[in-house]
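Please walk me through this structure.

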Amino acid sequence: MTGIRGRLLALAATLAVTLCGCAGLSAGPAVPVGNDWTTPPPMIDGTPVSEVAAPSARLTADLGIQVYWNTADATRARQQDEGTQIFNYVVGLGANSVGIDFPFFTDGEYPTRVYGVPGSTPSPAIIAMLVANGRAHGLRVLVRPLLDDGNIMAVNGDWRGSIRPRSVSSWFRSYLGFLTPYLRAAQAGGATAFGIDTELDSLAGQAGDWARVRSAAATLFTGQLVSAVNYGLWQQDKPGEPVPDAALDAYPPLGAASGATVPTLTAAWVSWLRRHRPAQALEKTVLQEVGISAVAGAYAAPAITAPDGTPLDVTVQRDWFAAACAAAKTTRLAGLYFFDVNSSDNPLDPVAAARYAPGSFIDRGDDVIKACFGSGWS
Amino acid sequence: MVLTSPRAAGPAEAEPAVRPDRAPLAVGLVATVLSVASTWYYFRHQLVLGYHDSFSHLEISRRVVAGLSPGIAQLGGVWLPVPQLLEDLFSWNYTLYRTGLAGSAVSMASFVAATVLLYRLIRLFTGDLRWPAIAGALVFAVNVNMLYQQSTSMDELPFYAFTIAAVYYLVRWAELRKATDLLAAGVSSMLAMLCRYEGWFLAGVFLICVIVMGRRLGYSWRDIRGLALITATFGLLASAAGWALYNYLIFGNALNFENGPDSSAAQMAQRHTSIIDGSWLLALKGYGYAIASDLGLVMVALAVAGLIVFLACERFSARSLPVLGLLTIVPFYVYSLKAGAEPISVPQPYGFLLNYRFGLIAALPAAILIGYLVGRLPRRGLIPAALAVTLGLAALSGLSLARHQVVLATEAAQDLSSQQPQVQAGAFLVQHTSGLILLDIVQNERVAFAVVDRTVYDGTKESGHNQWTAVLQNPGAFGIQVIVMRLPSSNEPLDVVYGALHDSPLLRPYRLVYRSPSYLIYSRQPA
């Protein structure tokens, strides 16, 4: 019996030693490795929040992604989740800034008023929520109302930058009325900048009206009031933007051949930028949109959105982004935003990403963006 | 019916020892000192109330004896009633309720009782040897996670105490063959069933044990039927039928606790992601980590060694079956996790700890088996082995405490952190409001905790009638002074008050006085 008992004890001891050798577990009671925090990670409605790294947050340059909010018809909770997910993606790219673009409307080529459309235009409360969400990620947040030109284009192929209001002052009053709750929402959410004029190029010369809008906006929003002109107006080198040093939505037709290398494209970008602004002005200029469809031949007209289903040529987009980034660093621009991610996109789903429109950079040019944001900025 | 064994009495039936056994008293005293010290420690660290559920238990107990419509119906239909009823002995006192000590007192008493019962249980296996029983009992008592859990108002400790009592009386029945022990086991099982739903599974297991034990003890099938009837009646059916009847009378649905709106099944259905997701491997991993984290690998290894020796020496004897039955709780948990009946977290970088307390129950069979293992050592090595095991595991627990590695305290602290929006809204209610408060209690327990006595919720009755729906339709008419709404989020059910009153003209007499990302609080404006 003693022999059996001895063998049993030896077996038990062997088992004990084996068990104690299990990786990651402790001899005594213990918390699994890495799970011993008692201050929670930042969360929004149960979803963990990625935060901008301190070195990136300290940069003077705005390194951002434009997010087009196309899910205003979803529930508030759903939109909050989408915001958290998209902003996590933005932070993951190394950005320190995000633009929240959302559509508003005007009644045609010769408009009289400005309005939001429920289900398409997010409410001010939603914008405030999204801004707060972005700020919780440590991002600088640019609120950017974007005049939808679907009904403007319908007749003569005009666009937001070519509208001719029947009464300019009346249209501006309507515009300010539309902006007012969004300026308040941006202020409430803690936005850092607000785009009071995005590509409203045909109205650029209305200095008095813009001054009134800007003055009224400044009483509601204490962040930076910005304006962006499209590349067409910008390269005409005319004065007359509602704020100095207007940002640029940069889709320059550089005339590059389809197979152009990144150095060739970079040289073309640098040349184009320097041709139209002196170095001192460029240092205050932000490229508020850098985008291109990932399709062959896109260099000829980067602003043209290739239709869904066009065969992709990801190299086109990747090289364009790399060149724009290098040019921005060379000319010491104040920052750049890549355009764009939709709020309906799921950056975590590569299968879905493969079906996104040719202009999307998810799983295409986004690693170039990450590399761009990763170094060389001050 | 013959309730004594036809076989000759065994050695264990010998006359009681002449000298009274003072060891249980000593074990009880040690457990009491440990219990008080631990509760004091966690009280000072503000972790007596940490788990979200610890607030729920206390609130239920408070509503039974105080508030707007006290009564037995306030026990609700989801949490089993015994822990809250025991807490009622203390929670009538607002200070004991508010501090959480009303719940701690119940858990502490249960802890001491469980420790003493473990001593007595192990003594049934070790005969005249006291040190193995002392070692086994103290292995349980010095576990640092057990000490945390017994400081809280959670329902684990009462469940453990009644479960150990059931096992003790079953083993005692096998040893002494007195029917009163079987009756006591049945009553203990009944009370365990009314603490936690795992008790329902164990009650079924114990019933099977009684049948098999009856055969092993030589009873006839006719007698076994009678014995099983006693066990089934007191140990299984009384609780199950009683709870179903209560649910039927209060909620009109006998299975409300199983399929009602706030049941565990409903809560699991609302989870958007299942951590285990039907995987046996993940379930095993999750529960394995929980046990190893709660007990430590040395204790697990000693218990495994004890199990081997136990199986080899007892050879499925009648008295061994309740202990083996108790062990089935481990595969039961693994199955429940796999089946998605309960969630548990699997370690991951910066992950939340979730329900690691489920692994703590393994300390019960582990303590028995370690005591048994020590009891099988040669006599001359008994005392050193008992001391080595007890002091060794106590040292590991001390080390865990010193290094802030108490997994259940960490889990509760994480839970408490996630309740901050509720804590802040609750603090506002205490500091800035008076009068009746309308709120949906589900997922808002922490908001209501300190103001539960003036809270109108879905269980509030007046003249025997539930007023909830009527109050939601016109809060002003019912004298509601404060309205609390939780804003919608994707991982929580819609707040009923928000659903009924948000953007409603009924809010016109009220003014928004508190706003946070999670809560809106309205206060009635003076006329």
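How do α9(B) and α10(B) run relative to each other? They are roughly antiparallel (an angle over 145 degrees; under 35 counts as roughly parallel, 65 to 115 as roughly perpendicular and the rest as oblique).

This is a predicted model: local features need pLDDT of at least 70, side-chain atom pairs count only at pLDDT 80 or more, and totals for chains, interfaces and linings use all residues. Residues are numbered from 1 along each chain as its sequence is written, while chains are lettered from A and ligands numbered from 1 in the order in which they are written.

Start with that helix pair. Helix α9 covers residues 179–193 of chain B, and helix α10 covers residues 198–216 of chain B. Helices (H or I, at least four residues) and strands (E, at least two) are DSSP runs, numbered from the N terminus. The two axes come within 8 Å and cross at roughly 155 degrees. Axes are lines fitted to C-alpha atoms, for helices over the stretch in contact, and angles run from 0 to 180 degrees between N-to-C directions. Ala185(B), Ser189(B), Ala192(B) and Met193(B) in α9(B) meet residues of α10(B), among them Trp200(B) and Phe206(B). Contact requires C-beta atoms, placed from the backbone, within 7 Å.

Now turn to chain A. Helix α3 (residues 76–92) and helix α4 (residues 124–136) of chain A have axes that come within 10 Å and cross at roughly 30 degrees. That makes α3(A) roughly parallel to α4(A). On the α3(A) side, the meeting residues include Arg76(A) and Phe87(A). On the α4(A) side, they include Ile126(A) and Met129(A).

Back in chain B, look for the sheet. It is open, has 5 strands in the order β2-β1-β5-β7-β6, and shows mixed pairing. Its edge strands are β2 (455–456) and β6 (510–515) of chain B, each pairing on one side only. Strands pair if DSSP finds at least two bridges between them. Strand β1 (residues 436–438) of chain B pairs with β2(B) in the parallel sense over 2 bridges. Leu438(B) stands opposite Val456(B) in β2(B). Helix α21 (residues 420–432) of chain B lies across β1, β5, β6 and β7 of chain B, running at about 15 degrees to β7(B).

Last comes confidence. The predictor gives the complex an ipTM of 0.83 and a pTM of 0.66. Chain B has a mean pLDDT (the predictor's confidence in each residue, from 0 to 100) of 90. Over residues 1–14 of chain B, pLDDT stays under 50. Where pLDDT is low, the predicted coordinates should not be read in detail.

Conventions: Contact = placed C-beta atoms within 7 Å.
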